[in-house]
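Hello,

Here is the structure I promised to pass on to you. Have a look at it first, and then read on for my notes.

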Amino acid sequence: MTEPGFRTIIEPFRIHSVEPLRMTTRAEREVAVAKAGYNLFQVDAQDVLIDLLTDSGTGAMSRDQWAAIQRGDESYAGSPSYFRFRDAVRALFPFEHVIPTHQGRAAEKIIFGVLGGPGKLVPNNTHFDTTRANVEFTGAEAVDLVIAEGRDPRSQHPFKGNMDVEALQALLAERADDVPVVFMTITNNSGGGQPVSLANLRAVREVCDRYGKLLFLDACRFAENAWFIHEREDGQAGREVADIVHDIASLADGMTMSAKKDPMGNIGGWLAMNDDELASQCRSLLILTEGFPTYGGLAGRDLEALAQGLTEAVDHDYLRYRITSTAYLGDALQRVGMPILSPTGGHAVYLDARALLPHIDPLHYPGQALAIALYEAGGVRSCEIGTVMFGRRPDGSEVPAPLDLVRLAIPRRTYTQSHIDYVIEVCEQVVAAAGDLRGYRIIDEPPALRHFTATFEPLR
Ligand code: F0G
């Protein structure tokens, strides 16, 4: 949030309870990261100063969320906390059935458990990695159909998360019988936190109607997406974000959700839909792994915190501050010579490590080199999204990922502008020494999801 006439971004909250940050020296960090096999997922959070690994579950809850927690009713069945949660979800997403889960991927496991299977094909603008994994686990194929601009790190398209509607139409013309559902991820996390427009959602809806297909949202960052619509789409500027969210929901038949993002929860998720028969099949699976349908793997107090968080997520002052402060980081990084994926997305800034480190071969992991350098220089933890994450083929061979990115994800309401100014300085220092950075070699890796546990060695 900025007051008219002033430059400084004011966090639209003041601090009520604080968590200490542990200061470390560069020498201590070099020891910590070497001990972790140069894998930032293996570094103890205690040894991190500014943790930008993810915006998921890492946000600060509000006074009113902590107060709501006290109201949590832990009844196994039919808790009033469930009904408050359900009604808060429905106030934004008026779906008939609202089924809580412990986080987003649990909702994905259930919906694809019902709709997936060998020979099936699920289109999405871009699948997030757990979504793709849950589609593929059933034997189905996950197809990404984002617009061409969404694959270009420099394109300034205002809605780089949009689906390529013609490609979707062509796919359905050929394989309609194999497609159980079409998904839209808002915002498009794997594509850089880029938004989807209302016009694109309407066009996708039309194609789905033509073929009689369900349309589901992966709506983790729905409020940030709606704010971008408010700011960038014709005729939307004067509207309430909650009404824009309503419009988005009215175009879909259901949704999967990680409540660890925009709903401001430290844990939680849900699955929602209108179809009675589909909901009944999902609830049967829910009981196997998550729990009874009025708590689905969550405590009553968690449901209360989410119900309150949902009302805060669509507040205009909060969203203006959220999106402006992410852009503030992106703009400043460009000024200090750090190449980034632009325009800046909602929840994160994605550094273009391949562009910064052209002397490091993609198979020597420029994203890993940059992420380790940011940690060693300033204790900033980020996440490689490149050849380490996506470069290994099922036969064990390696190919460069399309891009070598490093994500600086911003937890909600957690860090102040001076923390972000510090991150900018750390990046500036790393940019100045970029020519000295060296690549890495993997010395040990598991067969799948290697980025979480692989160990590395710096190349000399
Ligand atoms: N869909 C999207 C678009 C996501 O970004 C995530 C999680 C999920 C689904 C899965 O939700 O973690 O609650 O099971 N993204 C986190 C991230 C992990 O760091 O981007 P979950």
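Asparagine 162 counts as buried because its relative accessibility is 9%, and the cut-off for buried is under 20%. Before going further, please keep in mind that this is a predicted model. Asparagine 162 sits in the loop that links β4 (141-144) and α6 (165-175). What does its side chain reach? A polar atom of the asparagine 162 side chain lies 2.9 Å from the backbone nitrogen of serine 197.

Glutamine 194 is another one to look at, and its place is in the loop between β5 and α7. With a relative accessibility of 0%, glutamine 194 counts as buried too. Its side chain comes to 2.8 Å from the backbone oxygen of proline 343.

**Cis peptides**

That brings me to proline 343, which is joined to serine 342 by a cis peptide bond with omega at about -5 degrees. Proline 343 belongs to the loop between α12 (316-335) and β9 (348-352).

**Positive phi**

Methionine 264 is not a glycine, yet its phi is positive, near 70 degrees. You will find methionine 264 in the loop between β7 and β8, and it counts as buried because its relative accessibility is 4%.

Arginine 413 has a positive phi too, of about 60 degrees, and is likewise not a glycine. The loop between β12 (405-409) and α16 (417-432) holds arginine 413. Is arginine 413 buried or exposed? It is buried, since its relative accessible area is 14%.

Strand β5 (residues 181-185) is mostly covered, with five of its five residues buried. In a regular strand, side chains alternate between the two faces of the sheet. In β5, Val181, Phe183 and Thr185 point one way, while Val182 and Met184 point the other way, and all are buried.

β5 runs parallel to strand β6 (residues 214-218), and five bridges join them. Within that pairing, threonine 185 has aspartate 218 of β6 as its bridge partner. To get from β5 to β6 the chain passes through helix α7 (residues 198-211), and this β-α-β crossover is right-handed.

On the other pairing of β6, three bridges link it to β7 in the parallel sense. Here phenylalanine 216 has glycine 254 in β7 as its bridge partner.

Strand β7 (residues 254-258) is mostly covered too, as five of its five residues are buried. Gly254, Thr256 and Ser258 lie on one side of β7 and Met255 and Met257 on the other, and both faces are covered. β7 then pairs with strand β8 (residues 269-273), this time antiparallel, through five bridges. Serine 258 has glycine 269 as its bridge partner in β8.

**Around the ligand**

Serine 258 also takes us to the ligand. An N or O atom in the side chain of serine 258 lies 2.7 Å from an oxygen atom of the ligand. The side chain of arginine 221 has an N or O atom 2.9 Å from a ligand oxygen. Glycine 104 takes part through its backbone, with an N or O atom 2.9 Å from an oxygen atom of the ligand. How much of the ligand does the protein bury? Taken alone the ligand exposes 470 Å², and the protein buries 93% of that.

There are 17 residues around the ligand, and those that come nearest are Thr54, Arg105, Ser258, Lys261 and Arg407. By type, the shell divides into two nonpolar, eight polar and seven charged residues. Helix α4 (residues 104-115) gives the largest share of the shell, three residues.

Best wishes

Methods:
Residues numbered from 1 in each chain as written. Predicted model: local features only at pLDDT ≥ 70, side-chain atom pairs only at ≥ 80, totals over all residues. Heavy atoms only, no water. Near = heavy atom within 4 Å. Polar contact = N/O pair within 3.5 Å; in protein donor to acceptor, adjacent residues only side chain to side chain. Areas by Shrake-Rupley, 256 points an atom, 1.4 Å probe, with all protein chains shown as cover. Helix = DSSP H or I, 4+ residues; strand = E, 2+ residues; numbered from the N terminus. Nonpolar A, V, L, I, M, F, W, Y, C, P; charged D, E, K, R; others polar. Buried < 20%, exposed > 50% of the residue type's maximum accessible area, 1.4 Å probe, protein only. Pairing = 2+ DSSP bridges. Right-handed = clockwise from strand over helix to strand, strands pointing away.
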